[in-house]
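Let's take a walk through this structure together, one stop at a time. Have a look first, and then read on.

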Amino acid sequence: MDWPTGLLGFAAGLLISVATAPVGVSGAVFLLPVQISVLGVPSPAVTPTNLLYNVVAGPGALLRHHRAGTLRGPLTRLLVLGTVPGVVVGAVIRVVAVPGPSVFRLLIAVLLLPLGGWLCLRTLRRASRTAPDREPSARAVTRLAMAVGVAGGIYGIGGGSLLGPILVGRGMPVAKVAPAALAATFVTSAVGAGTYALLSLTTTGDIAPYWSLGLACGLGGLCGGYLGARLQPRLPETALRLLLGMLALGVGGLYAVQFLR
């Protein structure tokens with residue numbers, strides 16, 4: 001990796017994480033196309049490289065949330081316990097079965113486009129509602145986390161980009177979901193990156209992460225994540241929900257365009 005590529009990776013990680021960390025999204029899902037189209041990381045190495053980004057970038061936002069005392073609570077434990085086994089299964093599926101990315105892109109677009117639009121509309125109408133939203137059960141949260149962990153293990157995306165919109169759309173406040181989603185993303189990314197590293201010892205092909213580039217992007221995300229998490233308490237709940245909805249629309253639109261190409 002040369003210096004211009006490293007600086008570009010650092011800048012991309014910094015800018016993306018500043019915008020996404022306030023709502024519990026690591027930004028890896030937006031970094032993925034940058035790595036493929038701009039930085040030239042091949043598949044499937046892009047998946048563990050993205051996971052490495054999450055590992056390096058995650059402590060920035062988590063440190064801020066830890067200082068604020070927002071990492072404690074059952075939601076963090078539920079998400080971690082669900083996503084960890086899922087990401088191991090997903091990594092094995094990615095290496096052994098090599099599922100095609102086109103179907104995944106279509107599924108994500110179909111899921112996130114209506115979810116993002118619904119979340120934005122629900123947020124705009126929420127001010128006139130008096131009844132509180134009903135939060136999902138612990139069992140539903142764990143099942144959702146496991147499914148997201150499998151997807152993250154296969155495609156190297158941060159689980160927050162899927163967990164956040166769904167949980168917030170089901171009635172949970174962003175301030176509660178964001179730190180738990182980031183914690184789950186960090187833990188599962190560490191497990192997923194380690195799984196890929198072990199699989200690379202017995203499997204041919206570009207399976208190991210691009211360490212230098214992943215570290216450069218992750219250092220940018222480390223700084224940006226801390227800034228984004230620090231910004232979160234200064235933003236009203238309505239603005240955070242709208243931001244999360246717009247991010248879901250952005251991710252869904254991005255994958256829709258990639259599928260149609």
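Helix 1 (residues 3-20) packs against helix 2 (residues 28-37) at an angle of about 155 degrees, and their axes lie 9 Å apart. Helices here are DSSP runs (H or I, at least four residues), numbered from the N terminus, while axes are lines fitted to C-alpha atoms over the stretch in contact, with angles running from 0 to 180 degrees between N-to-C directions. That angle is why helix 1 is roughly antiparallel to helix 2, a label for angles over 145 degrees. On the helix 1 side, Ala12, Ile16 and Thr20 make the contact, and on the helix 2 side Phe30, Leu31 and Val34 do; contact means heavy atoms within 4.5 Å.

A word on where this comes from: the model is predicted, with local features needing pLDDT of at least 70 and side-chain atom pairs counting only at pLDDT 80 or more, though totals for chains, interfaces and linings use all residues. Residues are numbered from 1 along each chain as its sequence is written, and side-chain values use heavy atoms, leaving out hydrogens and water.

Now for the largest nonpolar core, which has 46 residues. Such a core is a set of buried Ala, Val, Leu, Ile, Met, Phe, Trp, Tyr and Cys residues joined through side-chain atoms within 4.5 Å; buried means under 20% relative accessible area, exposed over 50%, and partly exposed in between (1.4 Å probe, protein chains only). Leu167 is among the members that touch the most others. Leaving aside neighbours within four places in sequence, Leu167 is in contact with Leu79, Pro136, Val141, Leu144, Met172 and Val177.

Last stop: Trp211, in helix 9 (residues 211-231). Trp211 counts as partly exposed because its relative accessibility is 47%. Its C-alpha atom is 7.6 Å from that of Leu52, 159 residues apart along the chain.

Technical notes: Helices (H or I, at least four residues) and strands (E, at least two) are DSSP runs, numbered from the N terminus. Angles under 35 degrees count as roughly parallel, over 145 as roughly antiparallel, 65 to 115 as roughly perpendicular and the rest as oblique.
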